[in-house]
Amino acid sequence: MGLAGDRLGDLRTVNPHATGRLLGAADAALEEVDPRRLVRSALVPAEGGVLAGGHFVAARRVAVLAFGKAAIGMSLGAADALGPLVSRGLVATDRAGRVPGWAELAVGGHPVPDEGSVRAAERAIDLARDVDPGELLLALVSGGGSALLEAPAAGLSLDDVQDLNDQLIRSGAPIETINRVRQAVSRVKAGRLAARCRSPVVTLVVSDVGDDPAVVASGPTVTAPRNPAPLGEILDRYYIRGGAADRVRRVAATGVEVSNAGHGTGNDLALILADGMTAGRAAIRFLSSTGLDVSPAPEQLTGDAVDTVLRELAATPEGTVRVLAGETTVEVRGKGKGGRNQHAAVTAGIEIAGTDHRFVAFGTDGVDGPTDAAGGCVDGATVTDPEMARRHLDACDSYPYLKGAGGLLRTGRTGTNVADLWIVDRSGNSSTAERIVIS
């Protein structure tokens, strides 16, 4: 069953009907961005080739490279749609699972790359080089692919890249900025993987960072425009320091050399199949169908998590519901346990304490930070001790607080990834009922 069913563990609420409605909207959002269905709908075999999003690409065979948190579902969608046209493939993701019979599975690290990520990138390079001009390389890309497919540039070690990633993730830098740095020091990102391929490359994307295919997973198969901002300025702005940062500066200054197999981009194609706004619109349709006064379109979610919560709670008119999609940031302090959505939920719980308002924040991949929770779901009775809640926030320790307060939202791994979804509910529907456990 979905979120509105029996997977909620110890989530507590004063109004199960109103909270269940929000979780039903989350279910609808996740269904809308199901990666297997999205890819299956986008691909059609055609005489002499493939139709991808209605665009014909000539090919007698297809090699598939799927990478990111939605890679397994996307590869299964390609198998459903193309059948025997697919000759071979690689699926690089963050967990083991069932993949098509033609696929090799590679499991890497996330959010920090590991040795598995490097092995996956080397296998991806081999695959790209082996595709001949009469074939097609079908890249199925999803969020998380930056860490799961990593080939450090010459002069950098995996330890360097791990240190760089760890500092960037803790710094509060937005994901677009993090990917900008990653692109500058990798042998596969920023279109460098596609440069090794002699065939056309079709890239289908389930996006966690907006509508630019060159940004998602740092764009290994899509040529990214060069950002004029010097990489050193980014490292300085977010206080990225140490020997690894110094080596990154030197590599970025000289550029990343990559062999070119004579790839021409004239026949390449890159399509966004879904993103956070796709999920947000589905949530809005569901909430509207229940009779609520809902914002007509999702709002963009960005910026510091605490600042964004306070701003969006104030911006939601009384009696209405708003949906936001995107990704916020948290500058990590201390050694607490949590994630940006749990951090946001505790902040919201403090602000709405004593009201009949509700707030849901969750990662659509089912993972929020290094925890087993997707995020948090709070109402006016979740926070009864605001000073303690603030101490947990100051230590970036939202997980244990929400666990004790009955506000952790656990979905399990969803198999998709379009960043985060927030629902701000000021519709009312007050209840004087005793606090209830949904299970």
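1. A cavity here is a set of points, on a 1 Å grid over the protein atoms alone, where a 1.4 Å probe fits but cannot get out; its volume is the space filled by probe spheres set on the points, which are joined across faces, edges and corners.

2. This is a predicted model, in which local features need pLDDT of at least 70 and side-chain atom pairs count only at pLDDT 80 or more, while totals for chains, interfaces and linings use all residues. Residues are numbered from 1 along each chain as its sequence is written, and side-chain values use heavy atoms, with hydrogens and water left out.

3. The largest cavity is lined by Lys69, Asp94, Arg95, Asp365, Val367, Arg413, Thr414, Gly415 and Thr416, lining residues being those with an atom within 4 Å of a point. By class, this lining has five charged, three polar and one nonpolar residues, where Asp, Glu, Lys and Arg count as charged and Gly is among the polar ones.

4. The one aromatic pair of the structure joins Phe359 and Trp422 edge-to-face, at 5.3 Å centre to centre and 75° between the planes (ring centres within 6.5 Å; planes over 60 degrees apart for edge-to-face). Because Phe359 lies in strand β13 and Trp422 in strand β16, the pair ties together parts that are 63 residues apart in sequence (strands are DSSP runs of E, at least two residues).

5. Phe359 is buried at 0% relative accessible area, and Trp422 is likewise buried at 0% (buried means under 20%, with a 1.4 Å probe and protein chains only).

Definitions and conventions: Rings of Phe, Tyr and Trp (its six-membered ring) pair if their centres lie within 6.5 Å; planes under 30 degrees apart count as stacked, over 60 as edge-to-face and the rest as tilted. Helices (H or I, at least four residues) and strands (E, at least two) are DSSP runs, numbered from the N terminus. Buried means under 20% relative accessible area, exposed over 50%, partly exposed in between (1.4 Å probe, protein chains only). On a 1 Å grid over the protein atoms alone, a cavity is a set of points where a 1.4 Å probe fits but cannot get out, and a pocket is an open set with protein on both sides within 12 Å along at least five of seven lines; lining residues have an atom within 4 Å of a point.
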